[in-house]
Structures are given as structure tokens and as C-alpha cells.
Amino acid sequence: MTTLDAKVPAGPIQDKWTSHRFDSKLVNPANKRKYEIIIIGTGLAGASAAASFGEMGYKVRVFTYHDSPRRAHSIAAQGGINAAKNYTNDGDSIFRLFYDTVKGGDYRSREANVYRLAEVANEIIDQCTAQGVPFAREYGGLLDNRSFGGAQVSRTFYARGQTGQQLLLGAYQALARQIALGNVTLYNRSEMLEVVTHEGRAAGVVVRDMVSGEISSHSAHAVVLATGGYSNVFFLSTNAMACNTTAIWRAHRKGAHFANPCFTQIHPTCIPVHDEFQSKLTLMSESLRNDGRIWVPINPDDTRPANDIPEDERDYYLERIYPSFGNLAPRDVASRAAMRMIDENRGIGPLKNGVYLDFAEAIGRLGKDVIEARYGNLFEMYERITDEDPYVVPMRIYPAPHYTMGGLWVDYNLMTNVPGLYAIGEANFSDHGANRLGASALMQGLADGYFVLPYTIADYLVDYLNVAPVSTDHEVFKDSEREVDERMKKLLSINGMRTVDSFHRELGNIMIEHCGLARSKAGLEKALVQIPALREEFWKNVRVTGTEDSYNSELAKAARVADFFELAELMCRDALEREESCGGHFRVEHQTDEGEAQRDDVNQAHSSAWEWNGYGQAQTHIKEPLEFEYVALAQRSYK
Amino acid sequence: MDLTLKVWRQDGPGKPGEFKEYEAKGISSEASFLEMLDTVNERLVEAGDVPIEFDHDCREGICGMCGVMINGHPHGDQKGTATCQLHMRKFNDGDRIVIEPWRATGLPVVRDLIVDRSPLDRIIEAGGYISVNTGGAPDANLIPIPKPAAEASMDAAACIGCAACIAACPNSAGQLFTSAKLAHLNLLPQGQPERYKRTAAMVEKMEEFFGSCTNHGECEEACPKSISIDNIALMNRDYMMAKLKDRRKFGQR
């Protein structure tokens with residue numbers, strides 16, 4: 001039986017990272033140029049890692065399927081980035097950020113990793129400020145903070161409602177500088193379609209040039225996957241259209257364990273679905289809950305417009321149920337509360353599928369100008385989509401898939417169980433447990449890329465000094481190239497009756513119904529029958545037109561959806577085997593009398609890693625036990 | 001609503017292209033412009049045809065990936081709106097809509113409505129950054145930045161790099177894009193050490209790809225983020241200073 005070694009250093013938690021950096025082997029600066037590193041993805045994690053490696057002197061190749069590194073979906077993050085600076089003098093500390101993140105993750109993350117994340121968070125703010133990220137400021141010229149869900153301190157740094165954009169541009173610009181210096185080579189419009197291993201270690205990747213269709217191999221000493229999350233398995237999510245699981249799924253198929261696939265986050269504040277042709281969902285930042293109040297009418301049959309419903313006939317349910325956190329309850333809690341309201345038939349809007357997020361009180365208290373300065377671009381975005389003015393009528397919001405805590409299993413060094421293969425950012429599973437707190441994704445992406453991986457990778461590389469990477473003429477590469485080519489040809493040759501989107505939409509419906517906000521044994525078992533059947537139909541009945549040797553986005557989409565089917569099945573199996581409710585994973589069989597998540601710390605205090613056994617074979621379930629020395633396990637309460 | 005689309009189709013870079021007409025019937029007025037194109041494409045695939053290629057990704061108006069000429073206007077004629085945020089309720093039943101890729105020599109067509117915007121990356125690579133390596137940055141509050149300066153920098157930094165400004169310009173000039181990045185960095189204290197070197201390098205790189213600015217102001221009109229052409233004035237001033245200033249004296253206050 002395979003066991004997992006997380007390689008967590010010994011010693012007190014506050015010393016682990018310092019002593020680990022000292023104990024790790026180093027690559028001498030003059031030798032760094034002898035190493036080649038491949039990075040897939042140019043979001044916060046990928047761009048920051050690529051820039052940092054380039055600055056250190058490594059030879060880096062970075063791949064993105066976009067036309068420019070700046071398009072990665074980190075750009076769409078709105079609200080902010082956490083750090084324990086305690087600039088607001090409200091008692092914040094590294095330990096409190098660590099504690100909040102472990103608790104927020106419903107005690108299903110690795111303590112040592114989370115502590116390190118909290119520890120390097122302050123450096124991220126310093127680094128980004130030095131790069132020229134225009135964070136919001138007070139009139140005195142110092143940095144401003146705001147509050148986010150799951151914390152009782154103000155520790156979130158922000159740049160209007162475009163924090164992700166500004167942080168990504170900072171990392172992209174640092175990357176651009178390294179590209180200009182020749183330390184990093186950029187391959188744009190190039191999609192990674194296979195991880196190549198040799199003698200059990202990562203040897204390189206196979207990529208497809210999306211413009212010419214050319215399939216080529218790239219070898220290196222180490223391969224870093226920074227390819228984001230898989231929320232698009234639900235078809236409708238807040239992720240960008242191209243976000244997919246292919247890179248990490250292909251790594252899984254080459255032996256990397258996939259951890260906690262069922263830990264997905266449904267974000268409480270998105271614009272509700274309006275029609276069946278809808279292509280994606282739009283997030284309204286959690287930061288809006290600083291000033292917005294969430295409510296539904298007390299009377300389910302109330303059909304009056306929001307502004308005509310008097311104060312005493314409204315139910316501000318988050319403030320009622322969770323008085324101490326109020327509208328800033330964490331995402332999983334707020335989403336489930338919204339679901340309960342809608343299940344009670346108290347939903348609002350034409351499809352009765354939303355709740356109100358109301359700014360009237362804040363506008364009255366602070367004035368429209370202040371609200372506009374804080375959230376102007378979000379209000380504008382809302383108005384564009386819904387044709388309603390949120391300064392006048394409350395926003396309508398509804399929970400939607402947003403982030404995936406699960407991902408490739410990694411050890412303390414962020415290396416998967418395949419030596420030389422790393423996963424950073426949302427692509428790994430490491431820091432958020434079963435639920436991510438707001439403003440922590442940006443923190444983790446940049447922590448991994450700027451301040452963790454640049455140190456930990458040397459410990460692996462040092463043993464391969466003067467060892468050339470496997471030649472791309474080697475049969476392991478040729479076999480993978482052939483496999484990718486055959487996959488593309490197969491998709492084009494089926495010529496069935498249904499479009500890729502029609503399959504993807506159907507898969508998404510199965511997943512949101514059975515593996516979404518609430519999951520049940522019966523539902524998951526049903527999904528595990530429906531998904532393989534749909535996958536089989538896909539491979540017999542999908543229609544992809546166009547050719548392989550030209551720009552063909554239908555073909556690219558088809559290959560991604562094919563991998564989503566396999567992932568969806570594993571998500572349902574993981575959800576079925578996790579007999580408890582925790583964070584974003586809510587099994588209806590396991591709930592408290594008040595309808596809150598009921599964990600099982602005796603039997604389920606572990607991360608689930610899944611080992612690939614070949615196509616059509618069930619994965620093997622491996623458990624990494626979670627030990628909590630510094631945070632006492634408790635029923636999470638935000639009351 | 002029922003629409004007629006007149007769409008530019010082109011198989012690849014350097015290949016001949018042509019307009020083709022498509023009927024888009026039964027489109028919901030609640031659909032976004034790109035969802036309308038999705039529907040048309042799904043029908044094309046069902047009919048065994050090759051769908052219309054267009055760039056898009058976040059569909060929230062922030063990634064800068066999308067952008068087409070709609071009836072001659074970059075991103076359509078709704079002000080401050082990217083193509084993905086444009087909704088069909090702004091059109092009328094029976095409308096005929098002409099859809100073209102960005103038209104500029106510096107942005108060659110990749111396929112159909114997709115163009116190659118990599119010159120924008122080259123301009124950033126020429127100097128659109130502050131040269132600080134990872135690690136060793138001073139505490140973020142060490143340099144107080146006056147709020148109006150930070151806000152002005154952020155106004156410029158909001159550029160999404162979609163290239164609509166270039167497509168809108170009769171000269172295909174890249175001034176608005178380039179000046180937005182320069183203003184973002186040059187307005188901040190952190191950007192001062194490299195201010196003039198950056199300005200000269202980026203302006204000269206820009207001129208390798210794009211035409212000259214003659215103050216038409218079409219770029220600001222077309223910009224989905226309403227970036228101001230004031231930035232171009234700032235850039236021009238800094239470019240002139242870059243040629244006059246003795247950089248050895250920059251350490252003096």
C-alpha cells in the first residue's frame with residue numbers, strides 16, 4: 001500500500017519554515033543557469049514563479065494557452081488579498097491568520113502549510129507594493145484594509161474591485177522583464193496536453209500550438225503546473241471559459257495523486273442564472289458584504305418589488321442566524337444559508353432563485369460617493385448584465401461554483417508524489433482544506449510562486465547538476481506526442497450528432513445537482529451511473545468540425561471536456577467516501593440539528609489522495625492523516 | 001429577436017478573407033453578445049460547418065481577451081463596455097450586425113475574428129515594469145503615497161490590454177495603451193528611478209508596430225475602461241524630458 005510522506009519539518013510551527021529553508025540544499029548562483037524549468041500557466045502562481053526563477057538565473061520556459069500571460073483568470077479576482085500586517089491595529093497576527101484559515105477550511109488542511117502561508121503573506125504585500133501595484137490608500141498615504149468573510153479583523157488589501165488584475169499585472173510585468181532579459185522564454189497560445197515522465201520522474205511536457213496545431217515536446221529538470229482550478233466541471237461557474245482540468249488531470253493519469261477532488265467552493269454572491277443559453281456566471285465580490293446586507297422577504301408569497309417591502313417584513317437571515325459575523329459569515333456557511341432560504345421558497349427574482357444584497361442602508365449612512373469609490377466597477381458590471389441599477393434597487397445574488405480547494409496532492413515542498421513535478425496555486429490542494437476564505441486565493445498563488453517554490457525546488461534540483469534533461473527524441477516523448485495526436489484525430493473523426501457544449505452542459509447539470517451545494521449518498525450513486533454513460537456517449541456522438549492543423553477552439557474545448565468527465569467521476573467517488581460534512585462538502589446525511597456541517601474528526605480527519613490505476617479502473621484511495629497540534633478541533637461556529 | 005450577421009471569415013494569417021452572412025434567429029434579448037455568437041456557432045457545428053473563431057475568456061470585461069468591431073465600433077457603441085459585457089437588449093429585432101476583427105496592420109488576423117496582439121507584450125517587455133527582484137522589498141507602508149496619486153495611477157492601471165484603442169484609431173496608433181502603462185508606473189514614487197528610461201524604451205518599441213497619434217481621441221471613446229487620453233499628454237511630456245534630462249542627476253532632490 002502506498003503511503004504519503006508530506007515531508008513536514010520537525011519543530012515548533014513558527015520555526016518550521018525557517019529551519020526547513022536552512023536545512024534544504026541550495027543551488028549555487030552560477031549553477032542555476034544549468035537547470036531548465038518548465039512552467040505551465042501564467043496566472044498569479046505561474047507568472048510569479050516564472051519571474052522569480054528567471055531572476056534567480058534558472059532557464060525557464062513558460063506556456064499559456066492565451067495570447068498573453070496577462071489573460072489568466074487570476075485577473076478576474078475582485079476583492080483582495082489577505083496579510084497579517086495588523087495595520088488596522090485590531091489585534092491581527094500571523095498566528096491569527098493561520099488560525100482563521102485552518103478554521104475557515106473546516107480543519108481539513110495541513111497545519112504546517114497554512115502557517116507558512118500566513119508567515120509569508122506580509123512579504124507579498126511588500127513585494128507587490130515595490131512592483132507598483134496601486135493598492136487602495138488612506139488620505140495619509142498609507143495602505144487601506146477592508147474586511148472579508150470568516151475573519152473579525154480587517155486584513156484585506158485591495159485595489160478597488162480589481163485586486164486580482166493589479167496583482168497579476170505586477171507578476172506579469174516582472175515576468176515580462178525576465179522575458180526581455182532572455183531568462184524566460186514565453187510560448188503563448190500553446191496548450192499543455194500531456195505530462196511526460198521517465199524512470200518515475202517528471203521529464204517534460206507535450207504541448208499543442210493552438211494556431212498551427214503543431215504538437216511538440218519540451219523537456220526540463222522540473223515541471224511546474226500552475227494551471228488553476230476545475231470549477232468548470234459544473235459548466236456554469238465564475239471561472240473563465242477556458243479554465244479546465246486537463247493539465248492536472250493528465251498529471252494524475254501519469255501517476256500524480258489527486259487530492260480532495262470533492263472540496264469545491266460555491267460562492268454565495270454571484271448574479272443568478274437567467275436563461276438556459278447562459279455561458280457563465282459572474283461573481284459579485286465578497287467585499288460587497290462589508291456594506292451590503294443580505295435578506296429575503298419573510299413571507300414566501302411576497303411578490304412586491306424589493307423597495308416596497310417594509311423593514312419589518314424582511315429577514316436579514318445572516319445577521320439573525322450568525323450575529324457575531326453577520327453578513328461576513330464564510331462562503332460555505334453563507335451559501336448554504338441562501339440555499340435554505342430558496343428551498344423554503346423565499347427566493348426572489350423572476351425564477352425565485354436569488355436573495356437580495358442591499359446597499360440602501362450603507363448608501364444612507366456613507367453616501368453614494370463612498371460606495372461608488374469602494375465598489376464602482378462591480379456596480380457597473382452588475383448593471384451591464386442585469387440592466388438594473390444597484391444604487392437604487394438591491395442586487396439579486398445566488399451561490400455559484402467558484403473555486404476548487406482540491407487539486408494535485410503536494411508535500412511541504414509543493415512537489416507532487418511524482419519527483420520533479422510540482423503543483424502551485426489553485427492547482428494543488430494544500431492550504432484551504434474544505435473551504436477557502438475570501439482573499440486567500442491571491443495570497444496562496446503569490447506565496448507559492450514568489451516565496452515558497454523558489455526555495456523548495458533547489459532541494460530537488462541539486463541532485464541533477466550536470467545531468468541533461470531527457471532528450472525530446474526519446475521514445476517517452478515520441479509516445480506521448482503520438483498519443484496526443486491520436487486523441488485530437490479521434491475527436492475530429494467521431495462526427496456524431498451533439499456539440500461539445502451540449503455534453504458539457506449536461507455534465508454540469510449532473511454535477512451541480514448531485515455534487516454541488518448539497519450531496520447525498522443516493523444522489524452521488526446516481527451521478528456515478530450517469531457520468532460514465534454520458535462519457536461513453538461523448539466518445540461516440542460528439543461532433544467537432546474544422547481541422548487539426550489550424551486554430552480550432554471547438555477541438556481544444558472537446559479535449560478539455562473529455563477530461564472533465566473522468567474528473568467528475570472521481571469527485572463523486574470522493575464525495576461518497578467522505579462520510580461527513582465539512583466546509584464546501586455538505587452531505588445531507590451529516591448535519592447538526594440547525595442544518596450546519598457535521599464533521600467526523602474520528603474517522604475523517606484526513607486528506608484523501610487518489611492514485612491512478614489506468615483508464616476504466618477505479619483509483620486507489622490513500623489517506624494522509626491530519627494532525628492538529630496548534631488549532632483545537634471544534635465545531636465551527638460563526639454565531 | 002431575429003438578426004442577420006455579416007461576419008469576417010479568414011482561414012489563417014495571410015490568407016484571403018471574406019464576409020459571410022448568417023441568420024441568427026430566436027436570440028433572447030437577455031443574452032450577451034458572445035452568447036449570441038455561441039448560439040450561432042452551436043448551430044453551425046450542428047450543420048457540420050466550421051464555427052466562427054473569436055477570442056474570449058472571462059466574460060466579465062476584465063481579461064481583455066475579447067473584442068471585435070461591431071458595426072464599425074470597437075466593442076460596439078455602448079460606452080465603457082467590452083464586447084463580452086454587451087447585451088442583445090441594446091440591439092433591435094431585425095438588425096443587421098457587421099462583425100469584423102480589429103483592423104490594424106500591427107495586429108494581423110490569426111483566424112476569423114482573432115488577431116495577434118503580441119506587440120502589446122513586446123511594449124511591456126521594453127520597460128513596462130519596475131525592476132525589483134523577488135525578496136527584500138521594504139515594508140509596504142515605508143513609502144506613503146498621496147491618495148490622489150495612487151488613484152490616478154490606478155485609473156491608468158485599469159487598462160485591460162484589449163487593443164480596442166488601436167483598432168479605433170485612424171492611424172492604428174498604440175498611444176493610449178502605452179501611455180496607460182506609463183502613467184500607472186510613472187505616477188508612483190516607486191516608478192521614479194526608471195521613469196525616463198522606461199518612457200523612451202516603451203515609446204520607441206511602440207513605434208516599431210503602430211502609427212502616430214494625431215489627437216483624434218477615438219481611442220478614449222472606444223476604450224472599455226474609459227482610460228483618459230490625458231495619459232498620452234503625460235507620456236509625451238515624459239518622452240520629451242527623457243531626451244533632455246541628465247539622468248546622472250536623478251539622485252538629487
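Biologist: How many residues of domain 1 of chain A are in contact with domain 2 of chain A?

Modeller: Bear in mind that this is a predicted model, where local features need pLDDT of at least 70 and side-chain atom pairs count only at pLDDT 80 or more, while totals for chains, interfaces and linings use all residues. Residues are numbered from 1 along each chain as its sequence is written, with chains lettered from A and ligands numbered from 1 in the order written. The domains, whose bounds come from an automatic or database assignment, are domain 1 (267–400) and domain 2 (475–625). Contact means C-beta atoms, placed from the backbone, within 7 Å, and on the domain 1 side of chain A that count against six residues of domain 2 comes to six.

Biologist: Which helix gives the most to the side of domain 1 of chain A that touches domain 2 of chain A?

Modeller: The centres of the two domains of chain A, taken over C-alpha atoms, are 31 Å apart. Helices are DSSP runs of H or I with at least four residues, strands are runs of E with at least two, and both are numbered from the N terminus. Five residues on that side of domain 1 of chain A come from residues 331–343, helix α8.

Biologist: And how many charged residues are on that side of domain 1 of chain A?

Modeller: Asp, Glu, Lys and Arg are charged; Ala, Val, Leu, Ile, Met, Phe, Trp, Tyr, Cys and Pro are nonpolar; the others, Gly among them, are polar. That side of domain 1 of chain A, facing domain 2, has two nonpolar and one polar, and its charged count is three.

Biologist: Zooming out, what radius of gyration does chain A have?

Modeller: Take the globule rule, 2.2 Å times the number of residues to the power 0.38, with the radius computed over C-alpha atoms. For 639 residues a compact globule would come out near 26 Å, so chain A agrees with its 24 Å.

Biologist: What is the strand order of the open five-stranded sheet in chain A?

Modeller: Two strands pair if DSSP finds at least two bridges between them, and β9 (222–225) is joined to β17 of chain A by three, running parallel. Within that pair, A:V224 stands opposite A:Y422 of β17(A). Pairing in the sheet of chain A is parallel, and the order is β5-β2-β1-β9-β17.

Biologist: At what angle does α11(A) run to β9(A)?

Modeller: Axes are lines fitted to C-alpha atoms, for helices over the stretch in contact, with angles from 0 to 180 degrees between N-to-C directions. Helix α6 (246–253) of chain A lies across β1, β9 and β17, at about 130° to β9(A). α11(A) lies across β9 and β17 of chain A, and its angle to β9(A) is about 150°.

Biologist: Which helix of chain A gives the most to the side that touches chain B?

Modeller: At this interface, 65 residues of chain A are in contact with 68 of chain B. Several helices of chain A each supply at least two residues, including α2 (44–56) and α15 (553–577). Top of the list, with nine residues, is α5(A).

Biologist: Over in chain B, is B:C169 buried or exposed?

Modeller: B:C169 sits in the loop between α4 (164–168) and α5 (175–186) of chain B. Beyond neighbours within four places in sequence, B:C169 is in contact with B:H216, B:E218 and B:C219. Counting other C-beta atoms, placed from the backbone, within 10 Å, 20 or more means buried, 12 or fewer exposed, and in between partly exposed. B:C169 has 24 of them, so B:C169 is buried.

Note on methods. Two residues are in contact if their C-beta atoms, placed from the backbone, lie within 7 Å.
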